[in-house]
Amino acid sequence: MRCPYCGSFDTQVKDSRPAEDSSCIRRRRVCPTCGGRFTTFERVQLREIIVVKKSGKRAPFDRDKLTRSVEIALRKRPVEPDRVEQMISGIVRQLESLGEAEIESQRIGELVIEGLRLLDAVAYVRFASVYRDFREARDFNALIDELESGAETADAAEDE
């Protein structure tokens with residue numbers, strides 16, 4: 001692993017332990033060249049996923065990009081980081097379990113929207129408004145009506 005401080009390829013692992021829901025390994029590393037310390041995370045990757053964008057362009061799936069977009073939607077929202085990581089890990093597992101080498105970006109977006117709908121209503125509306133390219137206030141109204149009708153359906157199911 002290359003040192004992020006000096007660029008040396010000679011780094012040493014000082015400590016390893018399971019992280020999150022034991023789906024990855026957290027490693028503390030030190031660089032003998034500059035003395036810098038940093039943390040890396042190692043995850044299992046079942047297959048290489050290629051994302052097919054709306055333009056037809058293809059790019060490798062990037063978990064960090066997915067995480068950043070979800071974090072933007074959740075900015076200043078009271079959601080625990082562990083729940084966010086569980087949602088992201090669940091989305092990645094769903095993508096890997098599809099068994100397809102290429103997945104359309106729309107499919108990933110829909111999985112994120114569904115995850116955010118269950119996690120935080122405000123983040124759901126934020127993400128959906130960008131993802132679905134809202135242009136007018138009534139687009140928000142329709143989404144909120146959809147969200148509220150889904151909540152009423154869930155409440156009715158709990159009452160039974």
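Tutor: Helices (H or I, at least four residues) and strands (E, at least two) are taken here as DSSP runs, numbered from the N terminus. This is a predicted model, in which local features need pLDDT of at least 70, side-chain atom pairs count only at pLDDT 80 or more, and totals for chains, interfaces and linings use all residues. Residues are numbered from 1 along each chain as its sequence is written, and side-chain values use heavy atoms, with hydrogens and water left out.

Student: How many helices and strands does the protein chain have?

Tutor: The protein chain has five helices and six strands. From the N terminus, their order is β-β-β-β-β-α-α-β-α-α-α.

Student: And what share of the residues is buried?

Tutor: Of the 160 residues in the protein chain, 33% are buried. Buried means under 20% relative accessible area, exposed over 50%, and partly exposed in between (1.4 Å probe, protein chains only).

Student: Where is Lys57?

Tutor: Lys57 sits in the loop joining strand S4 (50-52) to strand S5 (58-60).

Student: Why does Lys57 count as exposed?

Tutor: Lys57 counts as exposed because its relative accessibility is 56%.

Student: Changing topic, how many disulfides are found?

Tutor: The search of the whole structure gives zero disulfides, a disulfide being a pair of cysteine sulfur atoms within 2.5 Å. Cys6 is in no disulfide, and the nearest cysteine sulfur, that of Cys31, is 3.6 Å away. Cys34 is likewise in no disulfide; its nearest cysteine sulfur, that of Cys3, is 3.8 Å away.
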